[in-house]
Amino acid sequence: MGSTENIAGNSADLIVRWLERSVDRPVAEWLAEARSKAPGMTFSQIEQALALAGRKVGKSALAPSESDLAEADAVRPGWNPRSWTLADAARTSILLSLVGDQEAFGDIYKNLCRTADLATLLGLYRALPLFPVSQTLDWQIGEGLRTSIQAVFEAIAHDNPVPAEIFSEHRWNHMVLKALFIDSTLGPIVGLDERRNVALAATLVDHVHERRAAGRAVDLQVWRCIAPFAEGAVLDDIVPLIESADRGERFAATLCLVESPDPAAHRLLDALAAEQQAVASGSVTWQTLAA
């Protein structure tokens, strides 16, 4: 990953380019002026500039193309602005002018989150990958994850590399479990494979038992987190997936068994010949299953 300054500068250039193809020239000129003046603004003036930026560009989706997403990932690995609005982009372009002083920026960010309406708050959290992580910013991430508002939680947990990069194992596991608790999805969580761990897998096995006992569906990505630790009695929990009429569940069973360290898993795969072929060819992965 590049330095904070490089990420801020390069991402700002990219965002400005996206905005300039979507907004009128007077609006683009106003945004350029706001970015240049932002470092000298008071907090109240920053609030006003962000509010006005949102009104000027509107609430339409940013709608980045596949090449835009590739450029975003190149500038900041893991940055995926697929859910951004034009207002998110406009506000973020202004905020990126303020990141030179990390401690001061953390305080500005925290105070903006305290006073923001929901739409602005979502944009502030979506932009986290582009901002320098300070102690204050880390605290604010925790505040966001404690919310009962699913959209706010997902603005942090989804399409955001920051949690995987900075969270302890305990904090990471708590975020994954909360996603399930609030009926969010696991697929868009960045780093889901890299952060798999024994403690999380054990807790998720219990989660499977509880959901089944209540007659409720299980997010197939739960098995993704369990897969490298699926052995012994856990294999018995996979049998209902193997026998399911639902093709997605059979694919989840196959992907899970392929990663299992237990030799007995390979015998269970005998009942999933067609699914094994699809997995071996690469046409079915945990990512395609999530999609």
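**The second largest pocket**

Tutor: Helix α3 supplies the largest share of the lining of the second largest pocket, namely five residues. The model is a predicted one, in which local features need pLDDT of at least 70, side-chain atom pairs count only at pLDDT 80 or more, and totals for chains, interfaces and linings use all residues. Residues are numbered from 1 along each chain as its sequence is written, and side-chain values use heavy atoms, with hydrogens and water left out.

The second largest pocket has a volume of about 380 Å³. Grid points are joined across faces, edges and corners, and the volume is the space filled by probe spheres set on the points.

Eighteen residues line the second largest pocket, and those nearest its centre are Ala51, Arg91, Asp117, Ala119 and Thr120. Two or more lining residues come from each of α3, α5, α6 (102-115) and α7 (118-126). These helices are DSSP runs of H or I with at least four residues, as strands are runs of E with at least two, numbered from the N terminus. By class, the lining of this pocket holds seven nonpolar, four polar and seven charged residues. Here Ala, Val, Leu, Ile, Met, Phe, Trp, Tyr, Cys and Pro count as nonpolar, Asp, Glu, Lys and Arg as charged, and the others, Gly among them, as polar.

Helix α5 (residues 86-95) is largely enclosed by the rest of the structure, because ten of its ten residues are buried, that is, under 20% relative accessible area, as against over 50% for exposed and in between for partly exposed (1.4 Å probe, protein chains only). The buried residues of α5 include Asp88 and Arg91, and Arg91 is also one of the residues nearest the centre of the second largest pocket.

For comparison, the largest pocket has a volume of about 560 Å³. It is lined by 26 residues, and Asp159, Gly187, Pro188, Ile189 and Gln287 are the closest to its centre. Elements giving two or more residues to this lining are α4, α13 (221-226) and α18 (286-290), and α18 provides the largest share, three residues. The lining of the largest pocket divides into twelve nonpolar, seven polar and seven charged residues.

Asp159, in the loop between α9 (150-157) and α10 (162-166), has a positive phi near 55°. Most residues other than glycine have a negative phi. Asp159 counts as buried because its relative accessibility is 12%. Ala63 likewise has a positive phi, of about 55°, although it is not a glycine. Its place is the loop between α3 (43-57) and α4 (66-75), and Ala63 counts as exposed, since its relative accessibility is 55%.

Beyond its neighbours within four places in sequence, Ile238 is in contact (heavy atoms within 4.5 Å) with Trp223, Ala230, Ala253, Cys256 and Leu257.

Cys256 is buried, at 0% relative accessibility. The count of disulfides, pairs of cysteine sulfur atoms within 2.5 Å, is zero. Cys256 is accordingly in none, and the nearest cysteine sulfur, that of Cys225, is 10 Å away.

As to the whole, the protein has 18 helices and zero strands, and 51% of its 291 residues count as buried. Its C-alpha atoms fill a box of roughly 65 × 35 × 35 Å along the principal axes. Of the contacts between residues at least 6 apart in sequence, 71% join residues at least 24 apart.

Methods. On a 1 Å grid over the protein atoms alone, a cavity is a set of points where a 1.4 Å probe fits but cannot get out, and a pocket is an open set with protein on both sides within 12 Å along at least five of seven lines; lining residues have an atom within 4 Å of a point.
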